[in-house]
Amino acid sequence: MTIKSLYPLVAAALGAAAVANGQTFAPLRFAGVNIAGFDFGCGTDGTCVISEAVPPVYQLSGVDGLGQMQHFVKDDGYNVFRLPVAWQYLTYNQMTGVLNETQFSNYNMLVSDCLSTGAYCEIDIHNYARYDGEIIGQGGPSNEIFAELWCNIASYWQNDTNVIFGVVNEPHDIPNITTWAESVQCAVTSIRQAGATTQMILLPGDDYTSAETFVSGGSAEALNMVLNPDGTTTNLIMDVHKYLDYDNSGTNTACVTNNIEDAWYPLTTWLRANGRQALNTETGGGNVDSCVGYISQQISYQANNSDVILGYLGWSAGSFATDYVLSQVPYDNGTSWENTLLVSMAMSPMTNMLVASVV
(Lines give C-alpha, C1' and ligand atoms only; values in the text may rest on other atoms or scores of the structure.)
Protein backbone atom coordinates (compact mmCIF):
# COMPACT_ATOMS: atom_id res chain seq x y z
CA MET A 1 0.00 0.00 0.00
CA THR A 2 1.39 3.40 -0.98
CA ILE A 3 1.22 6.54 1.17
CA LYS A 4 -1.16 8.08 -1.35
CA SER A 5 -3.62 5.22 -0.95
CA LEU A 6 -3.75 5.89 2.79
CA TYR A 7 -5.28 9.37 2.51
CA PRO A 8 -8.94 8.28 2.31
CA LEU A 9 -8.34 5.91 5.25
CA VAL A 10 -6.73 8.66 7.30
CA ALA A 11 -9.57 11.03 6.44
CA ALA A 12 -12.12 8.44 7.52
CA ALA A 13 -10.24 7.85 10.77
CA LEU A 14 -10.10 11.56 11.52
CA GLY A 15 -13.81 11.84 10.81
CA ALA A 16 -14.60 8.96 13.14
CA ALA A 17 -12.45 10.52 15.85
CA ALA A 18 -14.22 13.84 15.42
CA VAL A 19 -17.62 12.19 15.79
CA ALA A 20 -16.41 10.36 18.89
CA ASN A 21 -15.41 13.74 20.34
CA GLY A 22 -18.84 15.19 19.71
CA GLN A 23 -18.12 16.94 16.41
CA THR A 24 -20.46 16.58 13.46
CA PHE A 25 -19.60 17.22 9.84
CA ALA A 26 -22.57 18.36 7.77
CA PRO A 27 -22.16 18.00 4.03
CA LEU A 28 -21.12 21.15 2.23
CA ARG A 29 -23.70 22.52 -0.17
CA PHE A 30 -21.20 22.97 -3.01
CA ALA A 31 -18.07 21.27 -4.27
CA GLY A 32 -16.61 21.90 -7.70
CA VAL A 33 -13.89 23.37 -9.85
CA ASN A 34 -13.15 26.27 -12.16
CA ILE A 35 -13.36 25.56 -15.90
CA ALA A 36 -10.93 28.17 -17.17
CA GLY A 37 -10.04 29.27 -20.70
CA PHE A 38 -12.26 32.19 -21.71
CA ASP A 39 -10.18 34.25 -19.25
CA PHE A 40 -6.78 33.34 -20.70
CA GLY A 41 -4.86 36.48 -21.62
CA CYS A 42 -6.10 38.48 -18.64
CA GLY A 43 -3.65 40.17 -16.29
CA THR A 44 -4.24 41.38 -12.77
CA ASP A 45 -4.41 44.94 -14.10
CA GLY A 46 -7.62 44.08 -15.94
CA THR A 47 -6.07 44.06 -19.40
CA CYS A 48 -7.18 41.04 -21.42
CA VAL A 49 -5.78 39.93 -24.78
CA ILE A 50 -8.79 38.08 -26.11
CA SER A 51 -6.83 36.40 -28.90
CA GLU A 52 -5.13 34.37 -26.14
CA ALA A 53 -8.42 32.93 -24.89
CA VAL A 54 -8.71 29.14 -25.21
CA PRO A 55 -12.41 28.41 -24.81
CA PRO A 56 -13.01 25.08 -23.04
CA VAL A 57 -15.58 24.24 -25.71
CA TYR A 58 -14.71 21.40 -28.08
CA GLN A 59 -16.25 23.08 -31.13
CA LEU A 60 -14.12 26.21 -30.58
CA SER A 61 -10.75 24.88 -29.43
CA GLY A 62 -10.81 21.11 -29.16
CA VAL A 63 -10.80 21.30 -25.35
CA ASP A 64 -13.59 19.06 -24.04
CA GLY A 65 -14.91 21.18 -21.20
CA LEU A 66 -18.27 19.42 -21.36
CA GLY A 67 -16.59 16.04 -20.99
CA GLN A 68 -14.63 17.29 -17.99
CA MET A 69 -17.76 18.61 -16.30
CA GLN A 70 -19.75 15.45 -17.03
CA HIS A 71 -16.93 13.42 -15.49
CA PHE A 72 -16.71 15.60 -12.40
CA VAL A 73 -20.47 15.38 -11.83
CA LYS A 74 -20.78 11.63 -12.50
CA ASP A 75 -17.55 10.35 -10.98
CA ASP A 76 -16.78 12.90 -8.25
CA GLY A 77 -20.13 14.27 -7.13
CA TYR A 78 -19.28 17.87 -8.04
CA ASN A 79 -22.28 20.16 -8.36
CA VAL A 80 -20.87 23.59 -9.22
CA PHE A 81 -18.52 25.00 -11.85
CA ARG A 82 -17.07 28.50 -12.14
CA LEU A 83 -16.73 29.73 -15.70
CA PRO A 84 -14.23 32.64 -15.90
CA VAL A 85 -14.49 35.03 -18.85
CA ALA A 86 -12.88 38.35 -19.74
CA TRP A 87 -15.10 41.42 -19.90
CA GLN A 88 -13.23 42.32 -23.10
CA TYR A 89 -14.12 38.96 -24.59
CA LEU A 90 -17.84 39.49 -24.06
CA THR A 91 -17.85 43.02 -25.53
CA TYR A 92 -15.15 42.47 -28.17
CA ASN A 93 -12.70 44.94 -26.65
CA GLN A 94 -15.22 47.71 -26.08
CA MET A 95 -15.49 49.29 -22.62
CA THR A 96 -19.24 48.99 -22.62
CA GLY A 97 -22.03 46.98 -21.06
CA VAL A 98 -23.34 45.93 -24.47
CA LEU A 99 -22.57 42.29 -25.25
CA ASN A 100 -21.13 41.34 -28.62
CA GLU A 101 -23.54 38.79 -30.07
CA THR A 102 -20.90 36.43 -31.49
CA GLN A 103 -18.62 36.56 -28.45
CA PHE A 104 -21.48 36.08 -26.01
CA SER A 105 -22.79 33.17 -28.08
CA ASN A 106 -19.38 31.49 -27.80
CA TYR A 107 -19.33 31.89 -24.03
CA ASN A 108 -22.93 30.73 -23.77
CA MET A 109 -21.88 27.44 -25.35
CA LEU A 110 -19.84 26.75 -22.20
CA VAL A 111 -22.61 27.92 -19.87
CA SER A 112 -25.13 25.73 -21.70
CA ASP A 113 -22.76 22.76 -21.47
CA CYS A 114 -22.45 23.38 -17.75
CA LEU A 115 -26.19 23.68 -17.21
CA SER A 116 -26.76 20.45 -19.16
CA THR A 117 -24.92 18.54 -16.42
CA GLY A 118 -27.44 19.65 -13.80
CA ALA A 119 -24.76 21.54 -11.89
CA TYR A 120 -24.75 25.15 -10.73
CA CYS A 121 -22.80 27.43 -13.05
CA GLU A 122 -21.09 30.66 -11.98
CA ILE A 123 -20.68 33.51 -14.45
CA ASP A 124 -17.34 35.05 -13.43
CA ILE A 125 -16.11 38.35 -14.93
CA HIS A 126 -12.39 37.71 -14.51
CA ASN A 127 -11.14 41.31 -14.53
CA TYR A 128 -9.82 42.08 -11.04
CA ALA A 129 -12.33 44.96 -10.62
CA ARG A 130 -10.68 46.69 -13.57
CA TYR A 131 -10.86 47.31 -17.29
CA ASP A 132 -7.52 47.97 -19.02
CA GLY A 133 -5.84 49.07 -15.82
CA GLU A 134 -8.57 51.34 -14.47
CA ILE A 135 -10.72 50.46 -11.44
CA ILE A 136 -14.48 50.16 -11.83
CA GLY A 137 -16.19 53.20 -10.30
CA GLN A 138 -12.87 54.72 -9.28
CA GLY A 139 -11.42 56.18 -12.46
CA GLY A 140 -12.26 53.32 -14.80
CA PRO A 141 -15.62 52.13 -16.16
CA SER A 142 -18.47 53.95 -14.46
CA ASN A 143 -20.87 52.14 -12.17
CA GLU A 144 -23.51 52.72 -14.83
CA ILE A 145 -21.50 50.85 -17.47
CA PHE A 146 -20.77 48.03 -15.02
CA ALA A 147 -24.46 47.83 -14.12
CA GLU A 148 -25.40 47.72 -17.81
CA LEU A 149 -23.03 44.80 -18.34
CA TRP A 150 -24.63 42.87 -15.53
CA CYS A 151 -28.14 43.79 -16.62
CA ASN A 152 -27.49 42.30 -20.05
CA ILE A 153 -25.89 39.17 -18.61
CA ALA A 154 -28.52 38.60 -15.94
CA SER A 155 -31.48 39.22 -18.22
CA TYR A 156 -30.33 36.33 -20.43
CA TRP A 157 -30.25 33.84 -17.53
CA GLN A 158 -32.94 35.41 -15.36
CA ASN A 159 -34.98 32.20 -15.31
CA ASP A 160 -32.09 29.76 -14.81
CA THR A 161 -32.06 29.02 -11.10
CA ASN A 162 -28.74 27.13 -11.40
CA VAL A 163 -26.87 30.22 -12.62
CA ILE A 164 -24.75 32.06 -10.04
CA PHE A 165 -23.54 35.59 -10.72
CA GLY A 166 -19.96 36.36 -9.64
CA VAL A 167 -19.70 40.16 -9.69
CA VAL A 168 -15.99 40.26 -10.59
CA ASN A 169 -12.84 38.27 -9.93
CA GLU A 170 -10.31 39.31 -7.27
CA PRO A 171 -10.44 43.06 -6.71
CA HIS A 172 -7.13 44.32 -5.34
CA ASP A 173 -5.42 47.56 -4.32
CA ILE A 174 -8.77 49.30 -4.11
CA PRO A 175 -8.28 52.90 -2.89
CA ASN A 176 -11.66 53.12 -1.17
CA ILE A 177 -13.45 49.94 -0.08
CA THR A 178 -16.67 51.82 0.67
CA THR A 179 -16.73 53.19 -2.87
CA TRP A 180 -16.07 49.67 -4.15
CA ALA A 181 -19.07 48.41 -2.18
CA GLU A 182 -21.16 51.04 -3.98
CA SER A 183 -20.03 49.58 -7.32
CA VAL A 184 -20.99 46.11 -6.11
CA GLN A 185 -24.35 47.48 -5.01
CA CYS A 186 -24.96 48.85 -8.51
CA ALA A 187 -24.27 45.41 -10.00
CA VAL A 188 -26.55 43.67 -7.49
CA THR A 189 -29.39 46.10 -8.08
CA SER A 190 -29.00 45.74 -11.85
CA ILE A 191 -29.03 41.93 -11.67
CA ARG A 192 -32.15 41.88 -9.54
CA GLN A 193 -33.96 44.47 -11.65
CA ALA A 194 -33.12 42.43 -14.77
CA GLY A 195 -35.39 39.71 -13.43
CA ALA A 196 -32.83 37.47 -11.73
CA THR A 197 -34.50 37.88 -8.37
CA THR A 198 -33.62 34.60 -6.65
CA GLN A 199 -30.19 33.46 -7.84
CA MET A 200 -27.04 33.70 -5.77
CA ILE A 201 -24.82 36.75 -6.29
CA LEU A 202 -21.21 36.58 -5.06
CA LEU A 203 -19.73 39.72 -3.48
CA PRO A 204 -15.92 40.04 -3.80
CA GLY A 205 -13.68 42.05 -1.49
CA ASP A 206 -10.28 43.72 -1.71
CA ASP A 207 -6.86 42.03 -1.50
CA TYR A 208 -7.79 39.48 -4.20
CA THR A 209 -10.87 38.73 -2.06
CA SER A 210 -8.61 36.84 0.34
CA ALA A 211 -10.38 34.93 3.09
CA GLU A 212 -7.50 35.87 5.40
CA THR A 213 -8.01 39.65 5.15
CA PHE A 214 -11.70 39.75 4.28
CA VAL A 215 -12.61 40.84 7.81
CA SER A 216 -9.45 42.65 8.95
CA GLY A 217 -9.14 44.58 5.68
CA GLY A 218 -12.64 46.03 5.88
CA SER A 219 -14.23 44.16 2.97
CA ALA A 220 -16.69 42.26 5.15
CA GLU A 221 -17.98 45.40 6.85
CA ALA A 222 -18.32 47.32 3.59
CA LEU A 223 -20.01 44.52 1.66
CA ASN A 224 -22.34 43.81 4.56
CA MET A 225 -24.12 47.02 3.54
CA VAL A 226 -24.90 45.71 0.04
CA LEU A 227 -28.60 44.81 -0.16
CA ASN A 228 -31.20 43.47 -2.53
CA PRO A 229 -33.76 46.04 -3.75
CA ASP A 230 -36.18 44.75 -1.11
CA GLY A 231 -33.67 45.52 1.65
CA THR A 232 -32.71 41.90 2.36
CA THR A 233 -29.41 40.07 1.97
CA THR A 234 -31.02 36.86 0.72
CA ASN A 235 -28.64 34.96 -1.60
CA LEU A 236 -26.00 37.69 -1.40
CA ILE A 237 -22.96 35.54 -0.63
CA MET A 238 -19.45 36.66 0.27
CA ASP A 239 -16.94 35.54 -2.37
CA VAL A 240 -13.58 34.45 -0.93
CA HIS A 241 -10.37 32.90 -2.25
CA LYS A 242 -7.56 31.17 -0.37
CA TYR A 243 -4.53 29.27 -1.52
CA LEU A 244 -2.19 27.21 0.62
CA ASP A 245 1.30 28.06 -0.64
CA TYR A 246 3.76 30.16 1.33
CA ASP A 247 2.74 33.51 -0.17
CA ASN A 248 -0.97 32.78 -0.84
CA SER A 249 -0.40 33.41 -4.55
CA GLY A 250 -1.54 30.09 -5.93
CA THR A 251 1.61 29.91 -8.04
CA ASN A 252 3.70 27.43 -6.03
CA THR A 253 3.53 23.65 -5.98
CA ALA A 254 3.98 23.02 -2.25
CA CYS A 255 1.39 23.78 0.43
CA VAL A 256 2.46 25.02 3.86
CA THR A 257 -0.78 25.74 5.74
CA ASN A 258 -4.39 24.69 6.21
CA ASN A 259 -5.40 28.37 6.65
CA ILE A 260 -7.63 27.57 9.61
CA GLU A 261 -6.15 29.82 12.30
CA ASP A 262 -5.29 32.81 10.12
CA ALA A 263 -8.17 32.80 7.63
CA TRP A 264 -11.10 30.45 8.17
CA TYR A 265 -11.56 30.87 11.93
CA PRO A 266 -11.84 34.70 11.89
CA LEU A 267 -13.97 34.60 8.74
CA THR A 268 -16.42 32.00 10.03
CA THR A 269 -16.66 33.86 13.33
CA TRP A 270 -17.63 37.07 11.55
CA LEU A 271 -20.04 35.34 9.18
CA ARG A 272 -21.88 33.64 12.02
CA ALA A 273 -22.05 36.81 14.10
CA ASN A 274 -23.50 38.75 11.16
CA GLY A 275 -25.81 36.11 9.75
CA ARG A 276 -23.91 35.86 6.45
CA GLN A 277 -22.43 33.07 4.33
CA ALA A 278 -19.43 32.69 2.02
CA LEU A 279 -18.36 30.52 -0.90
CA ASN A 280 -14.69 29.67 -1.46
CA THR A 281 -14.58 30.05 -5.25
CA GLU A 282 -10.82 29.54 -5.68
CA THR A 283 -8.52 27.26 -3.73
CA GLY A 284 -5.95 24.65 -4.55
CA GLY A 285 -2.34 23.61 -4.63
CA GLY A 286 0.09 21.36 -6.41
CA ASN A 287 -0.43 17.67 -6.95
CA VAL A 288 1.87 16.76 -4.07
CA ASP A 289 1.44 15.11 -0.69
CA SER A 290 1.70 18.38 1.29
CA CYS A 291 -1.31 19.81 -0.55
CA VAL A 292 -3.35 16.63 -0.15
CA GLY A 293 -2.88 16.84 3.61
CA TYR A 294 -3.47 20.56 4.07
CA ILE A 295 -6.40 20.77 1.63
CA SER A 296 -8.06 17.86 3.45
CA GLN A 297 -7.72 19.77 6.72
CA GLN A 298 -9.08 22.97 5.18
CA ILE A 299 -12.09 21.20 3.68
CA SER A 300 -12.83 19.40 6.93
CA TYR A 301 -12.92 22.76 8.72
CA GLN A 302 -15.23 24.16 6.07
CA ALA A 303 -17.50 21.13 6.39
CA ASN A 304 -17.62 21.56 10.15
CA ASN A 305 -18.73 25.16 9.54
CA SER A 306 -21.13 24.48 6.69
CA ASP A 307 -23.74 26.77 8.22
CA VAL A 308 -21.61 29.70 7.03
CA ILE A 309 -19.21 28.20 4.45
CA LEU A 310 -21.22 26.88 1.52
CA GLY A 311 -18.40 25.01 -0.20
CA TYR A 312 -15.32 25.27 -2.37
CA LEU A 313 -14.17 25.30 -6.00
CA GLY A 314 -10.70 24.20 -7.02
CA TRP A 315 -8.43 26.13 -9.36
CA SER A 316 -8.38 24.86 -12.03
CA ALA A 317 -9.54 22.56 -14.80
CA GLY A 318 -10.65 23.57 -18.30
CA SER A 319 -8.08 24.59 -20.91
CA PHE A 320 -4.94 24.44 -18.76
CA ALA A 321 -2.17 22.05 -19.72
CA THR A 322 -1.93 19.02 -17.47
CA ASP A 323 1.55 20.14 -16.33
CA TYR A 324 0.23 23.51 -15.06
CA VAL A 325 1.36 23.88 -11.45
CA LEU A 326 -2.18 23.89 -10.04
CA SER A 327 -3.75 21.67 -12.67
CA GLN A 328 -6.97 19.92 -11.77
CA VAL A 329 -7.53 18.96 -15.41
CA PRO A 330 -8.59 15.31 -15.65
CA TYR A 331 -6.86 13.10 -18.20
CA ASP A 332 -8.97 11.44 -20.87
CA ASN A 333 -7.38 8.04 -21.50
CA GLY A 334 -9.84 7.24 -24.26
CA THR A 335 -12.20 5.13 -22.20
CA SER A 336 -12.44 7.08 -18.93
CA TRP A 337 -11.23 10.19 -17.16
CA GLU A 338 -8.42 10.10 -14.59
CA ASN A 339 -8.20 12.74 -11.85
CA THR A 340 -5.13 14.54 -10.62
CA LEU A 341 -3.70 13.52 -7.24
CA LEU A 342 -5.20 16.51 -5.40
CA VAL A 343 -8.70 15.93 -6.75
CA SER A 344 -8.69 12.18 -6.27
CA MET A 345 -7.23 12.20 -2.77
CA ALA A 346 -8.59 15.41 -1.23
CA MET A 347 -11.07 17.51 -3.17
CA SER A 348 -13.48 14.96 -4.63
CA PRO A 349 -16.48 14.38 -2.32
CA MET A 350 -16.39 10.77 -3.49
CA THR A 351 -13.03 10.18 -1.81
CA ASN A 352 -12.78 12.80 0.96
CA MET A 353 -14.55 11.12 3.85
CA LEU A 354 -14.57 14.30 5.89
CA VAL A 355 -16.81 15.97 3.35
CA ALA A 356 -19.09 12.97 2.84
CA SER A 357 -21.21 14.26 -0.02
CA VAL A 358 -22.59 17.56 -1.18
CA VAL A 359 -26.29 18.10 -0.69
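Colleague: Which residue is the bridge partner of Phe165 in β7?
Modeller: The bridge partner of Phe165 there is Ile201. Keep in mind that this is a predicted model, where local features need pLDDT of at least 70, side-chain atom pairs count only at pLDDT 80 or more, and totals for chains, interfaces and linings use all residues. Residues are numbered from 1 along each chain as its sequence is written, and side-chain values use heavy atoms, with hydrogens and water left out.

Colleague: What makes β6 and β7 a pair?
Modeller: Two strands pair if DSSP finds at least two bridges between them. β6 and β7 have 2 bridges, in the parallel sense, so they meet that cut-off. β6 also pairs with β3, again parallel, over 4 bridges, and there Ile123 stands opposite Phe165. As for the names, strands (E, at least two residues) and helices (H or I, at least four) are DSSP runs, numbered from the N terminus.

Colleague: How is the β-α-β unit of β6, helix α7 and β7 handed?
Modeller: Right-handed, with α7 (residues 177-193) as the helix in the unit. The term means that, with the strands pointing away from the viewer, the path from the first strand over the helix to the second runs clockwise.

Colleague: Why do you call strand β8 largely enclosed?
Modeller: Because 6 of the 6 residues of β8 (residues 236-241) are buried. Buried means under 20% relative accessible area, exposed is over 50%, and partly exposed is in between (1.4 Å probe, protein chains only). Both faces of β8 are covered, with Leu236, Met238 and Val240 on one side and Ile237, Asp239 and His241 on the other. β8 has parallel partners too: β7 (residues 201-204) over 4 bridges and β9 (residues 278-283), also over 4. His241 stands opposite Glu282 in β9. From β8 the chain crosses through helix α10 (residues 260-274) to β9, another right-handed β-α-β crossover.

Colleague: Is Thr283 buried or exposed?
Modeller: Buried: Thr283 has a relative accessible area of 1%. Thr283 is placed in strand β9, and its side chain makes a polar contact with the side chain of Gln298 at 3.0 Å. A polar contact is a pair of N or O atoms within 3.5 Å; within protein, one must be able to donate a hydrogen and the other to accept it, and residues adjacent in sequence count only if both atoms are side-chain atoms.

Colleague: Why is the ring pair of Phe30 and Tyr120 called edge-to-face?
Modeller: The structure holds 14 aromatic pairs. For Phe30 and Tyr120, the ring centres are 5.1 Å apart and the planes are at 80 degrees, so the pair is edge-to-face. Rings of Phe, Tyr and Trp (its six-membered ring) pair if their centres lie within 6.5 Å; planes under 30 degrees apart count as stacked, over 60 as edge-to-face and the rest as tilted. Phe30 lies in strand β1 and Tyr120 in strand β3, so the pair ties together parts that are 90 residues apart in sequence. Phe30 counts as buried at 0% relative accessibility, whereas Tyr120 is partly exposed at 23%.

Colleague: How many disulfides does a search of the whole structure find?
Modeller: That search finds 3. One of them joins Cys42 to Cys48, S to S 2.1 Å. A disulfide is a pair of cysteine sulfur atoms within 2.5 Å, so that value qualifies.

Colleague: What makes the disulfide of Cys114 and Cys121 left-handed or right-handed?
Modeller: The torsion about the S-S bond of Cys114 and Cys121 is about -100 degrees, so this disulfide is left-handed. For Cys255 and Cys291 the torsion is about 95 degrees, so that disulfide is right-handed. Cys255 sits in the loop between β8 and α10 and Cys291 in helix α11 (residues 289-303), 36 residues apart.
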